[in-house]
Amino acid sequence: MTDVDLVLVGGGGAAHCLLHALGALRGLRVAVVDPVRHSGNDRTWCFWDRGRSPVEQAVTRRWSALRVVGPDGAAHPLAARGWSYALVRSADLYALARERAAHLDVTWYDEPALDVRDGAERARVTTPSGELRARWVFDSRPLPPPPRRPLLAGRREGAETALLQHFRGWWLSGADVDPDTATLMDFAVPQPPEGLAFGYVLPVSASRALVEYTVFSRHRLPTEAYDVLRGRFPGARVESTEDGAIPMTDAAFPRRTGRRVFRLGTGGGATRPATGYTFRAMLRQAASVAADLAAGRVPLPPRPYPRRHLGYDAVLLRALDRGLVDGRRLLTDLLAGSPDTLAFLDGTTTPRQELSLLAVTPRGAMARATAQVLRARLTGR
Ligand SMILES: Cc1cc2nc3c(=O)[nH]c(=O)nc-3n(C[C@H](O)[C@H](O)[C@H](O)COP(=O)(O)OP(=O)(O)OC[C@H]3O[C@@H](n4cnc5c(N)ncnc54)[C@H](O)[C@@H]3O)c2cc1C
């Protein structure tokens, strides 16, 4: 049995954000348990922020000139107002986090956690090679949402809406792109039979860009169905591809599952339901956990998003999923029509800003979606 201060169960994005933040501390013994040892470019993280990010050294590129393209093909500039869109390649983040945490006593266990058990003095993590005991466990394993249960059955659990944001992207070289302007959402791309789709073009130079085709819908598509944008870049060479699916759900994910066991990352609710953005929330939680540990406080990860934001997201997801709104038009209007949208995507708007955003949305449809969400949460129907 090995005794440590922290066990990180899952060594992906959330664990690396935490390792990076722990780099400011001294004398911690940390165990990371994950059958996969991440080091390469297995994903690209994009996020909105203002000024410098805590992981600025890993930022490949920032754009303050961005545009959104409506379903009619009209391009609209985004009112960035001090915000910029940053791109981090996972290999750079993993390397930076390990470098920052190099002075800590970190041991990597390349094996799955079989069991996580809470305890009054120590939590225990069982792996195929033995047992680890720790003061605190941070668990970021992917977690399926709990089965759906309405309020009238005692306690609301599970998802009223469960969509996926699924995508495939290509790092292209030899492409002819405007190096200064990123296209955040291009809704004038071929649409799938179900859900809505948009393209991204994120240029890192005049000839290299990450191009992505993204769909919001209930189910993933066959691989070739994502290939619809390749013809737009004749002669470009594919350096690498990446694909994935991010849950977009209004299910609640607990941040604490025991006295000494916390959840982080997507499994801990860090993924914003209506956007799939997760990275900034993981950084915020990591900074807070590190500060709590330094101060000797219980390191409960803070709520990733305000409750009322999760309420808005539930309504928006319902409206998109049930076809109550023209999603492509609504998202274009929100992004192009209000300078507050970026702060909203980050989860940092005030109620006053949110009222101005509501004015951009089709009020009748949103009222119907709100009524449906409330009824479903209460009765399950
Ligand atoms: C391709 C892709 C691109 C994304 N791009 C963005 C983006 O641009 N912006 C953004 O904000 N978000 C993005 N996300 C969403 C989110 O930021 C990432 O999914 C992020 O990696 C979440 O971190 P995590 O630690 O919760 O999960 P992960 O990084 O997936 O880590 C979970 C880890 O748990 C491990 N694990 C599983 N089972 C066990 C077990 N039994 N024992 C131990 N370990 C286990 C897995 O091997 C994995 O390493 C993206 C997601 C994907 C998939």
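The structure is a predicted model, in which local features need pLDDT of at least 70, side-chain atom pairs count only at pLDDT 80 or more, and totals for chains, interfaces and linings use all residues. Residues are numbered from 1 along each chain as its sequence is written, and side-chain values use heavy atoms, with hydrogens and water left out.

The protein chain contains 8 helices and 17 strands. Both are DSSP runs numbered from the N terminus: helices are H or I with at least four residues, and strands are E with at least two. Along the principal axes, the C-alpha atoms fill a box of roughly 60 × 55 × 40 Å. The radius of gyration of the protein chain is 21 Å, which agrees with the value near 21 Å for a compact globule of 381 residues. This radius is taken over C-alpha atoms, and the globule rule is 2.2 Å times the number of residues to the power 0.38.

Burial was computed next. Of the 381 residues, 52% count as buried. Buried means under 20% relative accessible area, exposed means over 50%, and partly exposed lies in between (1.4 Å probe, protein chains only). The accessible surface of the protein chain is about 16,500 Å², and carbon and sulfur atoms hold 52% of that surface. These areas come from the Shrake-Rupley method with a 1.4 Å probe; for residues, only the protein chains shown count as cover.

A contact means heavy atoms within 4.5 Å. Among contacts between residues at least 6 apart in sequence, 73% join residues at least 24 apart.

The largest nonpolar core has 46 residues. Such a core is a set of buried Ala, Val, Leu, Ile, Met, Phe, Trp, Tyr and Cys residues joined through side-chain atoms within 4.5 Å. The residues with the most contacts inside the largest core are Trp48, Leu66, Leu78, Tyr85, Leu184, Leu202 and Leu335. Helix 4 (residues 307-321) gives the most to this core, with 6 residues. Leu78 touches Trp48, Leu66, Arg67, Val68, Leu184, Leu335 and Leu342, with residues up to four places away in sequence not counted.

Helix 1 (residues 13-22) is mostly covered, with 10 of its 10 residues buried. Among them are His16, Cys17 and His20. In helix 2 (residues 90-100), the buried residues include Ser90, Ala91, Leu93, Tyr94, Leu96 and Ala97. The buried residues of helix 2 pack against helix 1, strand 3 (44-50), strand 7 and helix 3 (279-295).

Ala314 is placed in helix 4. At 0% relative accessibility, Ala314 counts as buried. Leaving aside neighbours within four places in sequence, Ala314 is in contact with Asp250, Val373 and Arg377. Ala314 and Val55 lie 259 residues apart in sequence and 30 Å apart in space, C-alpha to C-alpha. Val373 is found in helix 8 (residues 363-379). Val373 counts as buried because its relative accessibility is 5%. Beyond neighbours within four places in sequence, Val373 is in contact with Ala314, Val315 and Arg318.

Val33 lies in strand 2 (residues 29-33). At 2% relative accessibility, Val33 counts as buried. Val33 touches residues including Val7, Leu8, Val9, Tyr109, Pro112 and Leu132, not counting those up to four places away in sequence. The C-alpha atoms of Val33 and Pro112 are separated by 6.4 Å, and the two residues are 79 residues apart along the chain.

Thr60 lies in strand 4 (residues 59-63). At 38% relative accessibility, Thr60 counts as partly exposed. Thr60 touches Leu87, Arg89, Asp92 and Val204, with residues up to four places away in sequence not counted. Thr60 and Leu87 are 27 residues apart along the chain, and their C-alpha atoms are separated by 5.7 Å.

Arg81 is found in the loop between strand 6 (75-77) and strand 7 (83-89). At 56% relative accessibility, Arg81 counts as exposed. Phi of Arg81 is near 40°, a positive value in a residue other than glycine.
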